[in-house]
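Me: I would like to learn how to read a two-chain model. Can we go feature by feature?

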Amino acid sequence: MEQVALEAATHDVSLWALFMQAGLVVKLVMLGLIGASVWTWAIVIDKYISFGRARRQFDQFEQVFWSGQSLEELYRTLSERQNTGLGAIFVSAMREWKKSFERGARSPIGLQMRIDRAMDVTLAREAEHLTGRLSSLATIGSAGPFVGLFGTVIGIMTSFQAIAGSKSTNLAVVAPGIAEALLATAIGLVAAIPAVIAYNKFSGDAGKLSARMEGFADEFSAILSRQIDEKLQPRAAAQ
Amino acid sequence: MKGSVVASGILHGLLLAAALVSIGAPASFEVADVEALPVDIIPVESITQTQQGDEKAEMKEKAAPIPTTKPSTVENAENAGDNDVDLKSAPVPITKPSNIETAAAPEKVEKVLPQQDDVANEIKEIQQEQEAAASQEVALKTEPKEEVKPDPKPEVKAETTPEPTPTETAEEALPENVPVPVAKPLQEKKPEEKKTAEEKPTPETKKAEEKPVEKKKTETANKNSDDKSKEDKKKQETAKSKSSKQSDFNADDIASLLNKTDAKSTGAKRSTETAALGTKKTTGGSKLSQSEMDALRGQIENNWSVIAGIEGADGVVVRVTMKLDETGDIIGDPQVVASGGSETARRTLEGSALRAIMKSRPFKNLPRDKYDAWSEVVVNFDPSELL
């Protein structure tokens, strides 16, 4: 440790030099924080793309859905591919509808309930897909500064120990150790600030999208319930 | 997700690379190149104990006063000088010719006198004339008492004064009065009297004609009265000069009154040095400075192993007197005297002090040029500070 401080008095203070001079714990903290930063930005990029795509899909689906196209036709085209968001909810509801009618459902109330359940499950899955990994953004945003501070405290501790060893309070001896320690806090903040901003933005977006999905689910449930009534009434009248 | 992680990783890598390249080491602060100000710590003795050399002499290694002329007469004298008795340089008053001092004074008084309207002086004059008149009265016995006894009023005095004074005695007294020493400031008084005597010669001749026998008596009596009048005049002079000094400030008088002393080398030890203006190096006096004394004390204290827990060691002060040669080694036996505290503590501390001194000989870092100051040195210790 003494060696580090004494070298620090003479060596340069570029970023790389500061990183290399740091102790093992501080180095690990810095590396962990850089990893967290990479992860944060990976999530940010991923969420940005996926949320944008989801919003576009929602718009397209709603356009198609309210275009007056036959639901059967729509189901046929959608069921052939992987669906997310509103499409997935629609497909799950339609699948349950089809199954019930193919086997000749008796009770309209039971059918309604099953369809609602199927839609709820899909809705929950989709919402989870939207908000997934946002929690890690929240964690990095809140814990990043603390981790960086931990690295700083450890770094300053070691540099003070080095001062005690070298028996010199010259600022040139003290300064590099503190600068290197503060680098850890800097990296922590670099990781945490975007994480906090991104978390707030994406959790808001996810809330909006899931509200949209719930709205669609309720609307579709209402439509299906009307359809059930319409289809089951003639049957009941015939009997 | 993989794609975004890779993208993020690449982004970070690029950013770090850019930071390493562009940020690098920050520019170090430019510290103004201030030239270090050299500071010398000079002992105050270098100013207070400077020695004055001969101004006309050349610079030499050692500053020396003017060489003495007489051969050595007093043995074991300590102070340089031409004196027979060895004295420290004591103040010696300047001996000036006395006539210079006195010559200036009378003129001053003369100028002041006519303007002076002092009551004391008038009274003195009256008294003097009264006495003179009285003496004449005794001798002549012819003059009426009314004339002699003047009222204290100035009018009466003006009438009476001319009559008793213009006797022959006044003329005879003149030659006696003239050679009065110069020290007497009031010389003008006599010409005045002379005038009065010349102006009114009639009563004088009358008296001379009428009573020639008694004239001798009057002469003798007047001689007596003259002596008296001299004394009175002296008194008057002093009174007048006093009043004149009170009124008129004369810088010359003050200067003559000042006790001018001349610092001379009054010792009896003959200086063998040739006169020199001084040296290029400052001597700094011949006294050990506080720091030099502390350094000496520190050398002893470093070698002093004080035994802790001596009973009655409080308040013990150890006084060490030792003679040193020029290498700092001790000559003879150093005297160690402890005072205060208990007997055993004193003895123990004396022993330990002596050991410390012997251990730390020869003493280092003593200024060579002040050897006179530390050739015999007294160091005081408070052992309780060492504990």
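Reply: Start with a lysine. Leaving aside neighbours within four places in sequence, Lys27(A) is in contact with Phe19(A), Met20(A) and Ala22(A). Contact means heavy atoms within 4.5 Å.

Me: What kind of model is this, and how are residues and chains labelled?

Reply: This is a predicted model: local features need pLDDT of at least 70, side-chain atom pairs count only at pLDDT 80 or more, and totals for chains, interfaces and linings use all residues. Residues are numbered from 1 along each chain as its sequence is written, chains are lettered from A and ligands numbered from 1 in the order in which they are written, and side-chain values use heavy atoms, with hydrogens and water left out.

Me: Where does Lys27(A) lie?

Reply: Helices (H or I, at least four residues) and strands (E, at least two) are DSSP runs, numbered from the N terminus. Lys27(A) lies in helix α3, residues 24–65 of chain A. Between Lys27(A) and Gly151(A) there are 8.2 Å in space, C-alpha to C-alpha, and the two are 124 residues apart in sequence.

Me: How do I check the length of helix α7 of chain A?

Reply: The expected span is 1.5 Å times one less than the number of residues. Helix α7 (residues 134–166) of chain A has 33 residues, so it should span 48 Å; its end C-alpha atoms are 47 Å apart, which agrees.

Me: Where does α7(A) bend?

Reply: The bend at a residue is the angle between axes fitted to the seven residues ending there and the seven starting there. In α7(A) the bend is about 40° at Ala143(A), and a proline, Pro145(A), follows within four residues.

Me: What about phi on either side of this helix?

Reply: Most residues other than glycine have a negative phi. Arg133(A), not a glycine, has a positive phi of about 75°. Arg133(A) sits in the loop between α6 (108–131) and α7 of chain A. Lys167(A), which follows α7(A), also has a positive phi, near 55°.

Me: Which residues of chain A does Ser8(B) contact?

Reply: Beyond its neighbours within four places in sequence, Ser8(B) is in contact with Ser37(A), Val38(A), Trp39(A), Trp41(A), Ala42(A) and Ile45(A). Ser8(B) is in helix α1 (residues 2–22) of chain B. At 0% relative accessible area, Ser8(B) is buried. The side chain of Ser8(B) reaches the backbone oxygen of Val38(A) at 2.4 Å.

Note on methods:
Buried means under 20% relative accessible area, exposed over 50%, partly exposed in between (1.4 Å probe, protein chains only). A polar contact is a pair of N or O atoms within 3.5 Å; within protein, one must be able to donate a hydrogen and the other to accept it, and residues adjacent in sequence count only if both atoms are side-chain atoms.
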